Amino acid sequence: MRKIITRAQQNPKRIVLPEGDHPVILRAAHHAASEGIARPILLGNHEEIGDLARQLHVPLDGIEIIDPVQSPLFDQYVDKLHMMRARKGWGPAETRHQLQNRFVFGAMMVHEGMVDGQVHGISRSYPDAIRPVLQVISRRPGVSKVSGVYLMVFRDRILMFADATVNINPTSEDLAEIALLTAEMARFFDINPRIGMLSFSNFGDTRHPDAQRVEKAVEIAMKRDPSLTIDGEMQADTAVVSEILNQHYPFNRLGAPANVLIFPELASGNIAYKLMQRLGGAKAVGPLLMGISRPFNVVQRDTDMENVVNVMAITVAQAQEFERKQQKKPSVFAHADPA
């Protein structure tokens, strides 16, 4: 995170925070602004946010406040959003109603290039927080589904857990795509990805459709990116304990414990990250959205200020990367056929 924060400080971006009247968000915005990590924009009523800032003794220097309903952008966004959602059942009145949702308004600000990214979710359930993003912002070309990843910071190692937030029962194709997207995210953090595709089975010792679904995902991922270091299906301890991996399965392709863990379905991923966070001593950073075309991240409900600041810094770094993407080589998704 120090590297990411330093990267963000080199070129801080405009990050919109729809929950501008939440104490944790307000403190995070102040910290990010004062440290030069981001240029925060809070959405909400000016007076309410000002009153809260005075109560908390939080200066608003370097922080912009926009009231969506009072903004001159509101009517412009109604027209544009109606064109985008007209075939999804949104008439003019429904569009105007939906745009009063600050998450949707913020997403339109990102869509229209008024800001560089958005962070929200502290006051909503994850489904309610992610839905407005998907209604406004498209997926990346060649990506079939948006997914999420947690950066799990332990005392002696960093692991990436995916997908623990979005896809309930991913297919083999979905799991392969999640693995490829998480590998990209690992490289973004300067981590050389070694991907363990998790299951209750080790390398075919249980011939069950759920295990075979993971085995097939490995084949699909390797076909799409032959340079990928990936193996499975494997049990969780096999993936992270060197003695088990290399003594019992010397033929494995990883060579060392995995630092990227792809879970076979949402239940196992969600359970694992929460247990590691609450009982295993890990700091969970995220979740970070993958496969979406603009920098967006939805934090955990009731998360702390440190995580919000970290996710803001990551979103700034993603926005910087977004600016440079035209100079970068095509990703493995550029010519992939949609699922």
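**Group meeting: a walk through the model**

Okay, let's start at proline 40, which counts as buried because its relative accessibility is 2%; buried here is under 20% relative accessible area, exposed is over 50%, and partly exposed is in between, with a 1.4 Å probe and protein chains only. Before I go on, this is a predicted model, so local features need pLDDT of at least 70, side-chain atom pairs count only at pLDDT 80 or more, and totals for chains, interfaces and linings use all residues. Residues are numbered from 1 along each chain as its sequence is written, and side-chain values use heavy atoms, with hydrogens and water left out.

Back to proline 40. You'll find proline 40 in strand β2, residues 39-43; helices (H or I, at least four residues) and strands (E, at least two) are DSSP runs, numbered from the N terminus. Leaving aside neighbours within four places in sequence, proline 40 is in contact with Ile15, Leu17, Ala29, Ala32, Ala33, Gly62, Ile63, Glu64 and Met312, where contact means heavy atoms within 4.5 Å.

That Met312 contact takes us to helix α13, residues 305-324. Its 20 residues reach 29 Å from first C-alpha to last, close to the 28 Å expected at 1.5 Å a residue; the expected span is 1.5 Å times one less than the number of residues. Of those 20 residues, 15 are buried, so α13 is largely enclosed by the rest of the structure.

Next, α9. This helix has 16 residues and reaches 22 Å, close to the 22 Å expected. Which parts do its buried residues pack against? They pack against α8 (172-188), β7 (195-198) and β8 (230-234). One of the buried ones is Arg213, at 18% relative accessibility. Its side chain reaches the backbone oxygen of proline 170 at 2.8 Å and that of proline 264 at 2.9 Å. For polar contacts I take a pair of N or O atoms within 3.5 Å; within protein, one must be able to donate a hydrogen and the other to accept it, and residues adjacent in sequence count only if both atoms are side-chain atoms.

Over in β8 sits aspartate 231, buried at 4% relative accessibility. A polar atom of the aspartate 231 side chain lies 2.8 Å from the backbone nitrogen of arginine 253. Aspartate 231 also touches Val218, one of the buried residues of α9.

A cis peptide bond joins alanine 162 and aspartate 163, omega about -15°, and aspartate 163 is in the loop between β6 (158-162) and α8. Another cis bond joins glycine 286 and proline 287, omega about 5°, with proline 287 in strand β10, residues 283-290. Then there's positive phi: histidine 57 has phi near 60° and is exposed at 71%. Aspartate 190, in the loop between α8 and β7, has a phi of about 60° and is exposed at 55%.

Last stop, the second largest pocket. Of its 22 lining residues, the closest to its centre are Ser125, Tyr126, Pro127, Thr165 and Asn270. How many lining residues come from α7? Six, the largest share. On pockets: using a 1 Å grid over the protein atoms alone and a 1.4 Å probe, a pocket is an open set of points with protein on both sides within 12 Å along at least five of seven lines, and lining residues have an atom within 4 Å of a point. And Pro127? Proline 127 is 87 residues from proline 40 in sequence and 24 Å away in space, C-alpha to C-alpha.
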